[in-house]
Amino acid sequence: MAPPVSNPMLPSVDWRTAASCSRAFSRGGPRMSPEGALDVVADLHRHARNAIDLVTDYTGLTPGFEAPVDVVDRVRWSHANIAGLRRLLVELGAADAEADPERQLGTAAKVTGVQAGAVLAFLSSRVLGQFETFSTESGRLLFVAPNIVEVERRLRLPSREFRLWIAVHEAAHLAQFTAVPWMRAHFHGLIHTFFDAAEPEESSTSQLGRAVRRALSAAREEASGEPPVGDLPNSDVVAAMTSPEQRDVITRIQALMTLLEGHAESVMDGVGQQHIDHVALLRRRFDRRRAHPGALQRFLRQLLGMDAKMRQYAAGRRFVDQIVAERGVAGFNRVWERPEHLPTEAEIDRPEAWIARVLEAKN
């Protein structure tokens, strides 16, 4: 296969710098004995395999192949995602100094590497699990053991039930990307389309700076107990860094991610009601954790668009739950038949419109 044509709009990233910074910036996890840590790893592997079977039974989606399951610490989670981002950007035509020793990356690439490492270090302390889709051909399930232990201790949750519950959420994502034949290629295609639609001129530094200032203002308001004012700063970041064509693709990506996240939320509680005694307690305490980030976390969430993801959980869950309640799991599963059956952003808020278009349309 011919190498990808270099795309000057893609960032050059010093991945070694990103990896070293993610390690330097990562916070330590909860205290555990070596024996206790090994027990957690074995427990999460066991729950992951069980969760895959439970999700298959509940959803009717049978994974097309067996993706690997990795239980990792925060640094290894960051490095796994660095590998995925690097592979994605190389496929899209970004320069890769590690693959081409004669290519020298400049200061900008090192700065981008520092930024990537810092962002991943922050996220590595928040993520519990992930279906990582870019770094390998099959994708892989990742569980961040220190974060899972930290949350279950802080919220005083029953360990066995919480670990299985989280595993079900990630197993639902595994089913979405491996049991639906076209999903992975469709998702990757949207990412490729996003970069292909970039405008030749550089993004506006002033707009990006305004986004950062608004994110800081929102963080201060959160710390003082006042409600945030205005739109999420992430909308300014998007406007500063994208073309109109890219923003159209972002809308499609957001609708897809809302569906996928909402489906995983619905499945974890649907399975939980059948197999987890205290699922209502888990849901109540876990949602409270999501709703009350600290000031710094709120700033980073808004700047990175993570507040938008919190809304995705709720909106997507309502969409899935309404259709399952009215048409059953089999009716909802029509969404996986072809990309044209995916809901639009408007249909996410109006499930009856999706029902009319997909389930009730005359053939």
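In α3, residues R74, W77, S78, N81, I82 and L85 meet L120, A121, L123 and S124 of α4. By class, this contact of α3 with α4 comprises six nonpolar, three polar and one charged residues. The model is predicted.

**Helices α3 and α4**

- Helix α3 spans residues 74-92 and helix α4 spans residues 107-124.
- The axes of α3 and α4 come within 9 Å and cross at roughly 130°.
- The crossing in which α3 passes α4 is right-handed.

**Helices α1 and α3**

- Helix α1 covers residues 15-25, and its axis lies 9 Å from that of α3.
- The two helices, α1 and α3, pack at an angle of about 160°. The angle makes α1 roughly antiparallel to α3, because angles over 145 degrees count as roughly antiparallel.
- The crossing of α1 and α3 is right-handed.
- From α1, the residues W15, A18, A19, S22 and R23 take part in the contact; they meet V75, S78, H79, I82, L85, R86 and L89 of α3.
- Sorted by class, the contact of α1 with α3 has seven nonpolar, three polar and two charged residues.

**Residues of α3 in both contacts**

- S78, I82 and L85 of α3 are among the residues that meet α4, and S78, I82 and L85 are also among those that meet α1.

**Cavities**

- Rolling a probe the size of a water molecule over the atoms shows where empty space is left.
- The structure holds two cavities of 30 Å³ or more.
- The largest cavity contains about 70 Å³ of space.
- Its lining is formed by Y58, T59, H263, S266, V267, V320, V324, V329, F332 and N333.
- Three helices each supply at least two residues of this lining: α2 (34-59), α10 (244-275) and α13 (306-332).
- Helix α13 provides the largest share of the lining, with four residues.
- By class, the residues lining the largest cavity divide into six nonpolar and four polar, with no charged residue.

Key: Residues numbered from 1 in each chain as written. Predicted model: local features only at pLDDT ≥ 70, side-chain atom pairs only at ≥ 80, totals over all residues. Heavy atoms only, no water. Axes fitted to C-alpha atoms, helices over the stretch in contact; angles between N-to-C directions. Left-handed = near helix turned anticlockwise from the far one by under 90°. Contact = heavy atoms within 4.5 Å. Nonpolar A, V, L, I, M, F, W, Y, C, P; charged D, E, K, R; others polar. 1 Å grid on protein atoms, 1.4 Å probe; cavity = no way out; pocket = protein on both sides within 12 Å on 5 of 7 lines; lining within 4 Å. Points joined across faces, edges and corners; volume = space filled by probe spheres on them. Parallel < 35°, antiparallel > 145°, perpendicular 65-115°, else oblique.
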